[in-house]
Amino acid sequence: MIIYTHNDCYKKFNGHGHPERRERLESIVSSIKSSSLNVNFRDAPIADLETVSLVHPKKHIEQIFSNIPKDGVIGVEKEPYADTMLCPDSKNAILRSCGAGIAAANDLMKKNERVFCAVRPPGHHAETVRANGFCYINNIAVSARYLQKRYNVNKLAIIYFDVHHGNGTQEIFYEDQTVAYGSSHEFPLFPGTGAENETGAGNIFNATLKAGTSSKEFLELFDSKVLNPIDKFKPEVILISAGFDAHKRDPLANINLESEDFFKITKNIIDIAKTHSKGRVISFLEGGYDLQALSESIIEHLKALKPHV
Ligand SMILES: [Zn+2]
């Protein structure tokens, strides 16, 4: 299994006390390195703007980069969401996070290798022309569009278990029957989207979770409302938006998953991929803000993600 990451992804600084911080990636990478998992780390390349523009207009991306300050940090959104920040080192972190998914798509289709993108910033809240929720480019959406364009993949599924609804991913694929999007998320919670009646062109499957949802309840809902429709969709490739903030330790949400649950969730996704998708899966790091929960959960996720489990 390949893991893409890059030193530039550590350099993105969102301000003191901000939950989306370099320590998240440090704890994930050090946990993987000290585990017995057999993985190959590779440097995430810089995404080219042509490929990014499969999802986001170039003007919009250039506008974001034009706001990058020479020093300090500035917000790219107006109140009340004034926590999506840019620092002097933002550009390469953003482009390498996206580039990881493009390189992963090539590895998946040319060498049949499963890949995890250990990157930050995350991407799932980034809409077509709106940076939002610590996200600028929607990494998983660019990878999906690249797979369709470069490799003629007709039917893709994006499976999502970050605790915050992926408003960006939903917006990008809302009327697109070539992409099924299945998401479990706490509701109501930031960003406020993801009600179960938001179904797009019949390709959007939202499973809302009440605050306090237990592991057992989560797994049942995830199975019936996310995995079951994706299974029926029969995707040729599955992309995972892997956020670990539905963990009971996470400070930004109120769902009570244990670290081991991320093995079960991932294993169930892999089973669908084996049935319909030749086992083809790429996973992208999204949220997760408690360092101990991240370092434990990532190992459970990768244990299930690796081939031949
Ligand atoms: Zn989240």
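Donors are here the N, O and S atoms within 2.8 Å of the metal (3.2 Å for Na, K and Ca), and because water is not among the atoms, sites may look incomplete. The model on screen is predicted, so local features need pLDDT of at least 70 and side-chain atom pairs count only at pLDDT 80 or more, while totals for chains, interfaces and linings use all residues. Residues are numbered from 1 along each chain as its sequence is written, and side-chain values use heavy atoms, with hydrogens and water left out.

**Stop 1: the zinc ion**

Select the zinc ion together with Asp162, His164 and Asp245, whose OD, ND1 and OD atoms respectively are its protein donors, at 2.0 to 2.1 Å. Along the sequence these donor residues follow the spacing D-x1-H-x80-D. Helices (H or I, at least four residues) and strands (E, at least two) are DSSP runs, numbered from the N terminus. Both Asp162 and Asp245 are buried, where buried means under 20% relative accessible area, exposed over 50%, and partly exposed in between (1.4 Å probe, protein chains only).

**Stop 2**

Next, select residues 281–285, which form strand E10; 5 of the 5 residues are buried, so the strand is largely enclosed by the rest of the structure. In a regular strand the side chains alternate between the two faces of the sheet. In E10 both faces are covered, with Val281, Ser283 and Leu285 buried on one side and Ile282 and Phe284 buried on the other.

Which strands pair with E10? Two strands count as paired if DSSP finds at least two bridges between them. Strand E5 (residues 115–117) runs parallel to E10 and is joined to it by 3 bridges, with Cys117 standing opposite Phe284. E9 also pairs with E10 in the parallel sense, over 5 bridges, and here Ile240 stands opposite Ser283. From E9 the chain crosses through H9 to E10 in a right-handed β-α-β crossover; right-handed means that, with the strands pointing away from the viewer, the path from the first strand over the helix to the second runs clockwise.

**Stop 3: Ser241**

Stay in strand E9 and pick Ser241, which is buried, with a relative accessible area of 0%. The side chains of Ser241 and Glu286 are joined by a polar contact of 2.7 Å, a polar contact being a pair of N or O atoms within 3.5 Å; within protein, one must be able to donate a hydrogen and the other to accept it, and residues adjacent in sequence count only if both atoms are side-chain atoms. Leaving aside residues up to four places away in sequence, Ser241 touches His124, Ile140, Ile159, Tyr160, Phe161, Asp162, Phe284 and Glu286, where contact means heavy atoms within 4.5 Å. Among these contacts are the zinc donor residue Asp162 and Phe284 of strand E10.

**Stop 4: helix H6 and the residue after it**

Now select residues 139–151, helix H6, whose 13 residues should span 18 Å at 1.5 Å a residue; the end C-alpha atoms are 17 Å apart, which agrees. The expected span is 1.5 Å times one less than the number of residues. Of the 13 residues of H6, 11 are buried, so the helix is largely enclosed by the rest of the structure; the buried residues include Ile140, Arg145 and Tyr151.

Just after H6 comes Asn152, with a positive phi of about 55°, in the loop between H6 and E6. Is Asn152 buried or exposed? Asn152 is exposed, with a relative accessible area of 56%.

**Stop 5: backbone exceptions**

Most residues other than glycine have a negative phi, and most peptide bonds are trans. Lys278, in the loop between H9 and E10, has a positive phi of about 55° although it is not a glycine, and Lys278 is exposed, with a relative accessible area of 65%. For cis peptide bonds, select Arg120 and Pro121, where omega is near 5°, and then Phe190 and Pro191, where omega is about 5°. Pro121 is found in the loop between E5 and H6, whereas Pro191 lies in the loop between strand E7 (179–186) and strand E8 (204–209).
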